[in-house]
6 protein chains.
Amino acid sequence: MTLTHLNARGEAHMVDVADKPESRREARARGRIRMQPATLALLAEGGLPKGDVLATARIAGIQAAKRTHELIPLCHALALSKVTLDFELDSAQNCVWVEAFCRLNGRTGVEMEALTAVSVACLTLYDMCKAVDKAMIIDGVQLEEKRGGRSGDFSRQA
Amino acid sequence: MTLTHLNARGEAHMVDVADKPESRREARARGRIRMQPATLALLAEGGLPKGDVLATARIAGIQAAKRTHELIPLCHALALSKVTLDFELDSAQNCVWVEAFCRLNGRTGVEMEALTAVSVACLTLYDMCKAVDKAMIIDGVQLEEKRGGRSGDFSRQA
Amino acid sequence: MTLTHLNARGEAHMVDVADKPESRREARARGRIRMQPATLALLAEGGLPKGDVLATARIAGIQAAKRTHELIPLCHALALSKVTLDFELDSAQNCVWVEAFCRLNGRTGVEMEALTAVSVACLTLYDMCKAVDKAMIIDGVQLEEKRGGRSGDFSRQA
Amino acid sequence: MTLTHLNARGEAHMVDVADKPESRREARARGRIRMQPATLALLAEGGLPKGDVLATARIAGIQAAKRTHELIPLCHALALSKVTLDFELDSAQNCVWVEAFCRLNGRTGVEMEALTAVSVACLTLYDMCKAVDKAMIIDGVQLEEKRGGRSGDFSRQA
Amino acid sequence: MTLTHLNARGEAHMVDVADKPESRREARARGRIRMQPATLALLAEGGLPKGDVLATARIAGIQAAKRTHELIPLCHALALSKVTLDFELDSAQNCVWVEAFCRLNGRTGVEMEALTAVSVACLTLYDMCKAVDKAMIIDGVQLEEKRGGRSGDFSRQA
Amino acid sequence: MTLTHLNARGEAHMVDVADKPESRREARARGRIRMQPATLALLAEGGLPKGDVLATARIAGIQAAKRTHELIPLCHALALSKVTLDFELDSAQNCVWVEAFCRLNGRTGVEMEALTAVSVACLTLYDMCKAVDKAMIIDGVQLEEKRGGRSGDFSRQA
């Protein structure tokens, strides 16, 4: 078992994917940001404010997915064919759930893109709400499912 | 209690900080990535591999802190005077702890910069280890402490 | 009368602003995107769709304002203290009006930032609507008002 | 007739292009910046100054075309195979015409890339000339022609 | 013999590669940074410091290779399949040698990516050491070898 | 004598400049690209081609100076007040000399910005000429002079 991003001398490198065939890759990631009930209530209030908060986080997540290779040093640049982000306000657990889905026809998986989209969307929600609640916590950012590629499919056990 | 990043019509905007005085701002944020004991053991092995894994995550976090305003749509561009990242391998809890500290002489707080550095460092660790462990979870990304600025200091309760 | 961005040999350079005092600079720019009445009606329909279209264009404009110095080769990097974008759906003239306002405490004007925000917001509206209307026209992108700085104030004549 | 960049709930997303075949896509866009006759005369003066002004705007437009997906939130990253920009000084209409042409072998159209190149080239001309003329207007930024892709060809009616 | 990046009027443009077939392209570039013996000795000291200096330069070089098309105006965006950087401390010649290797399945060569990686890695070494030695010189940045593509292979003569 | 960008454990960090006073900083760097006489002759030919080649390299260098903190991991973001690049075609030594000058009112030196501008301008010249000469060499990239800041002035000995 070895870390593929290191060579035999332990030095970081960008691994070669030239010999991998192009195929459809998909990944779905999730995470959440926990907050005070009063903070969540501000987001849950009907009307436009909610629209712009979630829309802003959604756009931030989509754009971050596209720039993953700039943020994560050893990620390959790739041309995502699809990115979506979904939000769910959960007043039982006092959090906003964030789910991202990415798809690619290409030579590398898109797990990092989905995880990056979730992380940056959560950070954006933190930024939009931090004036009223600095104690929010970003939690449970994880890969839920991955399809395609040589390493096979992955599906998180419940 | 209102969300400062929205105007009265609920539309997103970048809030004015022109009238705030320049002062020293500091923020410290933490988070962790949980993994299989075997994955952590790979990181903990002596020698250079560990060096390059943590060094890569550290550089990624520092660079992300500098680009926070590109990632988080309503953040102001600012000129951080200091960024540090620290990592702690915790074999009791099977995780790597990541802590970031940012400082600025300026008109806005640097909480988002510290949280962004932690998030991107965790994502980079995920990327470096994902060939051996896709089930890792980024957890507990949170502000620990903040000093300076009109909104006063913040220190997380234990 | 000379072009300040060229030296005596006609070569481009980034002009020196080191000796200018820091002062408050403001700029307001406008523009519009003209479209078919049916396209405008799609935007004007009540409900969330409108919210996300305008919210997306607003975020794009704000982010572009912050990156003006990357887009316009001879612009100085600067730390905007405020950016706002406003949209007005005009069914009489079959267009969406876009107005941007930028503010800075600094050594250079922020006209380019306001004009860039308007242009990129209009381009984003084009992108969101192009599946139904490829003939839209971005028109009248212009500086409306500018305050502060050695070159004095500017206010467009009606 | 619907806006393809919104899902059924009106939320923005990056539409899937994975099932589109790769094909040759081309787009040609135009726009102009109107100015005082004296401003245009400065650009039209023989010699190098003109060269550097137009060369700077050309480079800015080419680079912006390559970064369109960073500026326009829902645009796909793509690898343009060709970008050209042409300028025409028009002393009858007191303006500089800007035309951009983009080509791609890929799964999405390149209209946004051509329009972005025109817009940023015009903004760069504004920046280079604003010391002598702040009232310039960017006008008529529009798609002239598009070829390839499922939605068919487009050619603007005279 | 003409410069392919200029058209018949001498204007810069991004040349068309749409008709080139996709093929494997590789390039290897080298360069070095010369320094005082005492500076080199600091880098050569055993232990982690050396690790982090070289690891930082390596990450900087890899990331720069991915962003070459943003830095070099007429370069095409492309999706490198592999990037590696190697460093050699040479106490005989008082320098650090930097070698970069890039690979792509695509329509353009990757010489610029390899040369950019070397240059930015050298600049990063300068930055890390400049507190003790401002007189360092970056030297001999050159293409060593190139394979694939219509223009044929290149191998530098010893 | 220690490397300031490493802490006591040899880990990279961005050093604190918050306590440094703002002052005027200047740096001048030089470098050159050596080429075949025939290649240089192509650049030296009268007319516009030369204009666009050098103009393109100049713009690339200026833009790179502004983005130095994105390229060099431990550099601080800063707001350059002035950037100029000069080129000299030297048919005696068969090279193009590139000189960059940067100025800042701030808390850090601008050596890295000047060196980065020179490097990227040289890389751009390589790119523009590589179709006719792949053996060009970028040489002698070095700091010529530096003024301001706690570490004092530097002037290279002839």
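In the predicted model, E:Met112, E:Leu115, E:Thr116, E:Ser119, E:Leu123, E:Tyr126 and E:Asp127 of H4(E) are in contact (heavy atoms within 4.5 Å) with F:Met112, F:Leu115, F:Thr116, F:Ser119, F:Leu123, F:Tyr126 and F:Asp127 of H4(F). These residues comprise 8 nonpolar, 4 polar and 2 charged. Helix H4 spans residues 111–129 in chain E and residues 111–129 in chain F; the axes lie 11 Å apart at an angle of about 165°. H4(E) and H4(F) are therefore roughly antiparallel (angles over 145 degrees). The crossing of H4(E) past H4(F) is right-handed.

The interface of chain F and chain D involves 8 residues of chain F and 8 residues of chain D. Its values are listed below.

| Item | Value |
|---|---|
| Buried area, chain F and chain D | about 670 Å² |
| Share of the buried area on carbon and sulfur atoms | 51% |
| Share of the chain F side from F:Asp52, F:Ile59 and F:Arg67 together | 47% |

Buried area is the accessible area (1.4 Å probe) lost by two parts on being put together, summed over both. F:Asp52, F:Ile59 and F:Arg67 are the chain F residues that lose the most area to chain D. The interface has 2 salt bridges (side-chain nitrogen of Lys or Arg within 4 Å of a carboxyl oxygen of Asp or Glu). In one salt bridge the side chains of D:Arg58 and F:Asp52 meet, at 3.1 Å from N to O.

Residues are numbered from 1 along each chain as its sequence is written, and chains are lettered from A in the order in which they are written. Local features need pLDDT of at least 70 and side-chain atom pairs pLDDT 80 or more, whereas totals for chains, interfaces and linings use all residues; side-chain values use heavy atoms, without hydrogens and water.

Methods
Axes fitted to C-alpha atoms, helices over the stretch in contact; angles between N-to-C directions. Helix = DSSP H or I, 4+ residues; strand = E, 2+ residues; numbered from the N terminus. Parallel < 35°, antiparallel > 145°, perpendicular 65-115°, else oblique. Left-handed = near helix turned anticlockwise from the far one by under 90°. Nonpolar A, V, L, I, M, F, W, Y, C, P; charged D, E, K, R; others polar.
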